[in-house]
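Dear colleague,

Please find the structure below, followed by an account of what was found in it. I would be grateful if you could read the two side by side.

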Amino acid sequence: MNRHLIAAADLSRDDALLILDTAEELARMSDRPIKKLPTLRGRTVVNLFFEDSTRTRISFEAAAKRLSADVINFSAKGSSVAKGESLKDTALTLEAMGADAVVIRHDASGAPHRLAGWIRGHVINAGDGMHEHPTQALLDAFTIRRRLGGGRSGAGGLDGVRVTIVGDVLHSRVARSNIALLNILGAGVTLVAPPTLLPIAVDGWSCEVSYDLDAVLPKSDVIMMLRVQRERMTAAYFPSVREYSRRYGLDAGRMAMLPEHAIVMHPGPMNRGVEIAAEVADSPRSTIVEQVANGVSVRMAVLYLLLGGAELTGEPR
Amino acid sequence: MNRAADTWLIRKATLPSGQSTDLLLHDGVIAETGTRLAAAGAQVLDADGLIALPGLVDLHTHLREPGREDAETIGTGTRAAALGGYTAVHAMANTEPVADTAGVVEQVWRLGREAGHCDVQPVGAVTLGLGGTRLAELGAMADSAARVRVFSDDGHCVSDPLLMRRALEYVKAFDGVIAQHAQEPRLTEGAQMNEGAVSGRLGLAGWPAVAEEAIIARDCLLAAHVGSALHVCHVSTAGSVEIIRWAKSKGWRVTAEVTPHHLLLTDELAESYDPIYKVNPPLRTATDIEGLRAGLADGTIDCVATDHAPHPSEAKDTEWADAAFGMTGLEVALRAVQQAMVETGLLDWAGVADRMSVRPAAIGRLGGHGILPAAGGPANLTLYDPAAAPEPVDPAAHASKSRNSPFRGVALPGHVVATFLRGTATVLDGKATS
């Protein structure tokens with residue numbers, strides 16, 4: 001494993017599989033009545049969140065606490081950051097307080113890279129601008145592996161699985177991380193989006209691109225819907241929300257075009273009625289709630305592996 | 001300054017033409033050239049192996065004073081310029097207050113004269129406060145003691161086509177030139193780096209080539225329509241070079257500059273997310289570098305200009321999106337040009353003299369500069385050792401107040417040995433004399 005988890009693109013296949021397999025092991029333990037493990041006792045994990053993201057923060061918080069780490073939540077609002085403190089000074093302050101790992105969410109792409117250059121602790125990227133959100137990709141891969149593994153707990157990669165990612169790829173760190181990790185794990189990726197929401201050089205990415213959702217649906221084992229951000233709706237990326245929804249939204253009719261085994265994913269939070277219809281989000285094909293639960297297991301695995309906690313059996317690693 | 005007392009005998013210098021000569025500097029001029037000159041009482045400088053270039057002229061320097069003396073002052077910036085071989089720099093208008101009145105440009109001009117390291121020719125703002133809506137008093141700046149001829153809102157594009165037309169027309173009355181920062185603002189909202197494969201991967205908002213090229217094309221057409229002079233600042237794309245080549249082929253009065261960093265560095269450097277590589281216009285691709293070098297070699301691009309943009313460390317020691325745009329350049333420009341253009345065989349030293357002194361002086365309407373070394377001419381000279389072993393650039397050793405050089409740690413050839421401003425040495429043995 002690398003010292004930090006900054007980008008899914010930095011992972012080797014072996015690293016990715018180690019994280020997923022460790023997450024499986026931890027998930028099994030989470031089914032026990034007492035969920036807490038002593039493995040990171042005495043370690044301090046700082047959640048350094050410059051963007052509001054309750055979901056991701058509490059997921060990391062739950063993961064760290066189940067491993068018995070001490071958790072410090074640092075939200076930029078109302079803090080020294082709001083008073084103009086630089087990221088570097090904030091980082092050095094946290095380090096001086098003894099952070100063993102910093103989980104960072106930041107609106108600037110590359111902020112975790114910079115942070116890793118300034119502190120000695122481990123850096124875990126919880127989403128940076130439009131760049132990456134590696135633990136989201138890991139939990140998505142974990143979910144796909146479990147679901148398509150036919151009920152048994154998943155193992156191995158995702159070789160041959162056909163994943164379709166639909167929506168605002170241009171601005172999406174979730175898409176970037178997923179494309180990278182799915183490629184590493186052997187899955188085939190197709191992007192579907194209006195051309196305005198694809199990067200200009202997307203033809204150099206290792207994935208297929210289509211503007212026609214209906215044509216791709218029957219050839220998809222997994223369909224991953226991306227959230228349409230409010231600010232895109234008024235910036236001429238598409239004429240109207242209704243037109244977007246008609247052309248790129250997943251409704252019940254479109255869901256019926258998917259192969260029977262196919263699953264529907266969404267990183268949340270959803271815009272029901274825009275990129276995904278309510279009956280799709282709530283259908284048995286949807287993994288949306290499962291993704292949230294799996295997120296805790298995957299983040300536990302990342303913290304455990306990076307911080308080198310004691311063996312799950314109790315012995316030091 | 002007691003210039004008359006400075007008599008220098010420079011022995012065996014190589015002129016840009018390749019010819020070897022002695023140069024006798026006296027009373028601010030080159031008094032004599034030839035072999036085995038003698039002059040009693042002259043200080044002697046052995047220039048065997050050194051090239052004697054006409055003192056370099058920069059059309060595009062940010063000296064930051066008044067207003068941001070934490071980043072640079074006219075004193076530190078012009079000392080850096082002299083160390084880079086420059087005898088004249090054009091100081092950009094985006095100071096605080098903006099150089100949009102006769103008062104500010106005269107102040108900058110006077111501070112430059114007092115510092116004495118090189119001549120400072122102020123550039124006037126095109127629009128009031130760089131606001132892009134009303135013309136500044138261009139005539140008052142032209143008539144001031146600073147004799148402003150180059151006007152630019154650099155850092156901002158004069159994007160309003162009507163205002164740009166009027167500016168181009170208006171400066172014809174005093175032989176002025178509008179130096180445009182070509183950047184279509186709507187196409188570059190929030191832009192962080194070149195739009196392309198790397199920006200897509202890094203998730204940084206893209207600054208597309210078309211945002212530069214569209215403005216250049218428009219401005220060339222406007223300059224042709226009103227018969228005025230347009231200068232294009234820091235050309236960064238291969239497409240821009242093609243448009244300028246076409247405009248020149250029509251006989252239109254269009255000139256252009258390229259920076260040393262755009263001749264050598266590509267957008268892949270952004271992979272580090274280190275904002276030392278963040279600049280506007282952004283670093284582009286290897287294809288663009290090829291186009292820019294070819295354009296500079298064939299004269300489509302008239303000159304090299306540094307766009308020296310000093311920033312204090314805190315402006316760069318931050319996340320990419322939050323960091324300031326800009327790079328220092330004065331102290332390494334000539335070495336970078338040797339690396340990009342001479343080592344590649346694209347320019348000889350006569351070409352370097354033309355692109356870094358003669359042409360920028362002509363574009364800036366700057367008398368007394370940009371004149372090839374010859375008897376009777378002004379003693380503005382740069383003695384350069386092209387054979388000096390490549391040394392890694394160390395920004396900490398720079399005279400500039402700021403350290404944001406993108407060439408940090410990069411080995412560049414060559415060494416500026418001495419610079420003379422009207423016969424007075426501003427640099428000797430690679431060190432500033434004051």
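**Pockets, cavities and interfaces**

The second largest pocket holds about 880 Å³ of space. The model is a predicted one, in which local features need pLDDT of at least 70 and side-chain atom pairs count only at pLDDT 80 or more, whereas totals for chains, interfaces and linings use all residues; side-chain values use heavy atoms, with hydrogens and water left out. Residues are numbered from 1 along each chain as its sequence is written, and chains are lettered from A and ligands numbered from 1 in the order in which they are written.

A pocket is an open set of points, on a 1 Å grid over the protein atoms alone, with protein on both sides within 12 Å along at least five of seven lines; a cavity is a set of points where a 1.4 Å probe fits but cannot get out, and lining residues have an atom within 4 Å of a point. Grid points are joined across faces, edges and corners, and a volume is the space filled by probe spheres set on the points.

The lining of the second largest pocket comprises 35 residues, and those nearest its centre are Arg105(A), Arg173(A), Gln229(A), Gly268(A) and Pro269(A). This pocket lies between domain 1 (8-133 + 292-307) and domain 2 (135-287) of chain A, because both give residues to its lining; the domain bounds come from an automatic or database domain assignment. Helices H2 (54-66), H5 (134-148), H6 (173-184) and H11 (288-307) of chain A each supply at least two lining residues, and H11(A) gives the largest share, 6 residues. Helices here are DSSP runs (H or I, at least four residues), numbered from the N terminus. By class, the lining has 10 nonpolar, 14 polar and 11 charged residues, where Ala, Val, Leu, Ile, Met, Phe, Trp, Tyr, Cys and Pro count as nonpolar, Asp, Glu, Lys and Arg as charged, and the others, Gly among them, as polar.

The largest pocket contains about 1100 Å³ of space. It is lined by 37 residues, the closest to its centre being Leu170(A), His171(A), Tyr237(A), Glu195(B) and Gly206(B). Its lining divides into 18 nonpolar, 13 polar and 6 charged residues.

The structure also holds 5 cavities of 30 Å³ or more. The largest cavity has a volume of about 50 Å³, and its lining includes Met193(B), Asp267(B), Lys278(B) and Trp320(B). The lining of the second largest cavity, of about 40 Å³, has 4 nonpolar, 4 polar and no charged residues.

Between the chains, 18 residues of chain B are in contact (heavy atoms within 4.5 Å) with 17 residues of chain A. The buried area, that is, the accessible area (1.4 Å probe) that two parts lose on being put together, summed over both, is about 1300 Å² for this pair, and carbon and sulfur atoms give 57% of it. On the chain B side, Tyr273(B), Asp317(B) and Glu319(B) lose the most area to chain A, together 42% of what that side buries. The interface has 3 salt bridges (a side-chain nitrogen of Lys or Arg within 4 Å of a carboxyl oxygen of Asp or Glu). Asp317(B) also forms a salt bridge with Lys88(A), at 2.6 Å, N to O.

Within chain B, domain 1 (3-51 + 377-392 + 409-432) and domain 2 (55-363) bury about 1700 Å² between them, 64% of it from carbon and sulfur atoms. Their interface has 1 salt bridge.
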